[in-house]
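This report covers side-chain packing and charge pairing in one protein model. Please look over the sequence and the structure before reading on.

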Amino acid sequence: MTRSFLLTSILLFIGLASNAQVVFNEPATLKAAIRQYITENKSKTEIDGWRIQVLATTDRRQMEQVYKIFQDLYPEIDIHWVHEEPYYRLKVGAFHERRECLPLCQEIRKHFTQALPVTERVELEEIINQ
């Protein structure tokens, strides 16, 4: 047991004392692929994410009423609506993962029973600024 420990210690000491360096020689095609990957990812402004849909209805007046009620109950939360024929949808938040939106969704459900998490393309900046 002590022999193997002594041998390992000596080899480790020799390795550290020799100041050895490992050099990776990457093929040019790999370097180009890495550069392209980095460039494409820097240009992405949206990702697949999650929002909380408070309401989906075909009645614009109902949507406007719920919009005002939501603003009164939750003035600190930004709400927006989208018209996806034939529905008007009220949505809040921008989350990277579903589990991140669940606590807020449960809170909103106390007043709006239709509230549920939905997938959507979200701006990275929205997620970062939350």
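How many aromatic pairs does a search of the whole structure find?

## Aromatic pairs

The search finds three aromatic pairs. In one of them, the ring centres of F70 and Y74 are 5.0 Å apart and the ring planes stand at 35°, so this pair is classed as tilted. A stacked pair would need planes under 30 degrees apart, and an edge-to-face pair over 60. F70 and Y74 are both buried. The model is a predicted one, and these values are computed from it.

W81 and Y88 make another tilted pair, because their planes are at 55°, with centres 6.0 Å apart. The two partners can be described by their accessibility. W81 is partly exposed at 35% relative accessibility, whereas Y88 has a relative accessible area of 12% and is buried. Ring pairs also join F112 with F70 and Y74 in a cluster.

## Nonpolar core

In soluble globular proteins, nonpolar side chains tend to be buried together. Here the largest nonpolar core contains 19 residues. Those with the most contacts inside this core are I52, V54, F70, L90, V92, I108 and F112. At least two core residues come from each of β1 (46-57), α3 (60-73), β3 (87-95) and α4 (98-109). F70 and F112 are also members of the aromatic cluster.

Which residues does V92 touch, not counting residues up to four places away in sequence? The contacts of V92 are R51, I52, V54, F70, I77, D78, I79 and I108.

## Nonpolar surface patch

A nonpolar patch on the surface is formed by L30, I34, Y37 and I38. Together these residues have about 380 Å² of accessible area. I34 belongs to helix α2, which covers residues 28-43. With 38% relative accessibility, I34 counts as partly exposed; the class lies between the limits of 20% for buried and 50% for exposed.

## Salt bridges

How many salt bridges does the structure hold? There are nine. One of them links R51 to E126, with the closest N and O atoms 3.0 Å apart. Is R51 buried or exposed? R51 counts as buried, because its relative accessibility is 5%. E126 has a relative accessible area of 33% and is partly exposed. R51 is also among the residues that V92 touches.

Another salt bridge is formed by E97 and R99, where the closest N and O atoms are 3.0 Å apart. E97 is partly exposed, with a relative accessible area of 30%, and R99 is exposed at 59% relative accessibility. The side chains of E107 and K110 also meet in a salt bridge, at 3.1 Å from N to O. In that pair, E107 is partly exposed with a relative accessible area of 31%, while K110 is exposed with 61%. Salt bridges with shared partners connect R51, K91, E120 and E126 in one network.

Methods. Residues are numbered from 1 along each chain as its sequence is written. This is a predicted model: local features need pLDDT of at least 70, side-chain atom pairs count only at pLDDT 80 or more; totals for chains, interfaces and linings use all residues. Side-chain values use heavy atoms; hydrogens and water are left out. Rings of Phe, Tyr and Trp (its six-membered ring) pair if their centres lie within 6.5 Å; planes under 30 degrees apart count as stacked, over 60 as edge-to-face and the rest as tilted. Buried means under 20% relative accessible area, exposed over 50%, partly exposed in between (1.4 Å probe, protein chains only). Patches are made of residues with over 30% relative accessible area and no salt bridge: like charges are joined within 9 Å, nonpolar side chains (Val, Leu, Ile, Met, Phe, Trp, Tyr) within 5 Å. Accessible areas come from the Shrake-Rupley method with a 1.4 Å probe; for residues, only the protein chains shown count as cover. A salt bridge is a side-chain nitrogen of Lys or Arg within 4 Å of a carboxyl oxygen of Asp or Glu. Helices (H or I, at least four residues) and strands (E, at least two) are DSSP runs, numbered from the N terminus. A nonpolar core is a set of buried Ala, Val, Leu, Ile, Met, Phe, Trp, Tyr and Cys residues joined through side-chain atoms within 4.5 Å. Contact means heavy atoms within 4.5 Å.
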